[in-house]
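Subject: Structure for your review

Dear colleague,

Please find the structure below. A short account of the findings follows it.

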Amino acid sequence: MQKYRRYRMHRLIDRLEDKHCLTNDEWIALITDRSEAEYLFERARFTAKQYYGNAVYTRGLIEFTNYCKNNCYYCGIRRDNRNADRYRLSREDIMDCCRQGYELGFRTFVLQGGEDLYYTDERLVDIISEIRGHYPDCALTLSLGERSRESYQKLFDAGADRYLLRHETADEAHYKKLHPSEMSYENRIKCLYTLKEIGYQVGCGFMVGSPGQTIESLAKDMQFITELQPQMVGIGPFVPHHETPFSDETKGTVELTLYMLGLLRLLKPNLLLPATTALGTIDPRGREKGILAGANVVMPNLSPTRVRKKYELYDNKICTGDEAAECRTCLNRRMESIGYELAVDRGDPAQQ
């Protein structure tokens, strides 16, 4: 019986690698029975190397505001966290981060923040235009949450290349468990399709092990990603924050997160797939394990050290005291220890 089960999982992994899609029942079976994880990782590494060789792309993360109008139940910078130490970086601060990052070899900058109403389209266009003018050979990624089509278009026209908007879960009932009633699953999904229509390289993603998540929820995530066909998918384990309604919930596991990374690599072979900071937070070698499971992106922090601890989406986040140069040097050593190297490159998606 066990031999047959292993054979069936092998066949499903092979089918995913060959066809890049599965039925809902097949997804559920493959996520439920993870006995062939090592075979999955072997195939995922092979696939990633076919498209990207041993290169690991870096994204210079600039967390420029921790103000947020939303009240997501899992997030440490949620509106109702009265103990959050709020900040906003000035345009000069942001440009200094980019200057330092460029000198260190970063060719993608990621502007990430809460949904902060202070940053109007006019202010963001001004910042984006300045970054684009100074660093025309770099890609600029935004991660600013839900905005209108008009806003997304203005930011794209100003020079933004990519947009990260985690869908968090493709299970609408699960979405409602993670968010207050004023937030809409329908609008989140609509935003992702709008970003694609405008022409952004689009990234979605979900937390692994978030409260209320089921195997069926994860299967819906994989089906949604099959339909959306994003260029990037960011996943990481759920890690609770002490100032949220989910403070006492159990965190996600490294094991399931790595397994989902492997599945994503076979689902869409040319994905830009990060080994996230959250993965490194719950396992000292989490990012290395992520690369060995099929990921090919890391996101060191370029934010000024004075604000890093303040951008606390979850507890015990790593690298909050490191200088940007320390982060990159450390990551470079870590990647070299497993046979990979950090690339000085925009890191656009390979042709599939």
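A crossing of two helices is called left-handed if the near helix is turned anticlockwise from the far one by less than a right angle, and right-handed if clockwise. Please note that this is a predicted model.

The crossing of α1 and α2 is left-handed. Their axes lie 10 Å apart and form an angle of about 125°. Angles of 65 to 115 degrees count as roughly perpendicular and those over 145 as roughly antiparallel, so α1 is oblique to α2. On the α1 side, the contact involves Arg-8, Met-9, Leu-12, Ile-13, Arg-15 and Leu-16, which meet Glu-26, Trp-27, Ala-29 and Leu-30 of α2. Seven of these contact residues are nonpolar, three are charged and none is polar.

Helix α2 (residues 24-32) also packs with helix α9 (residues 215-228): their axes come within 9 Å and cross at roughly 125°. This angle makes α2 oblique to α9. Here the crossing is right-handed. Asn-24, Trp-27, Ile-28, Ile-31 and Thr-32 of α2 make the contact with Ile-215, Glu-216, Leu-218, Ala-219, Met-222 and Gln-223 of α9. Seven residues of this contact are nonpolar, three polar and one charged.

Yours sincerely

Methods. Residues numbered from 1 in each chain as written. Predicted model: local features only at pLDDT ≥ 70, side-chain atom pairs only at ≥ 80, totals over all residues. Heavy atoms only, no water. Axes fitted to C-alpha atoms, helices over the stretch in contact; angles between N-to-C directions. Helix = DSSP H or I, 4+ residues; strand = E, 2+ residues; numbered from the N terminus. Parallel < 35°, antiparallel > 145°, perpendicular 65-115°, else oblique. Contact = heavy atoms within 4.5 Å. Nonpolar A, V, L, I, M, F, W, Y, C, P; charged D, E, K, R; others polar.
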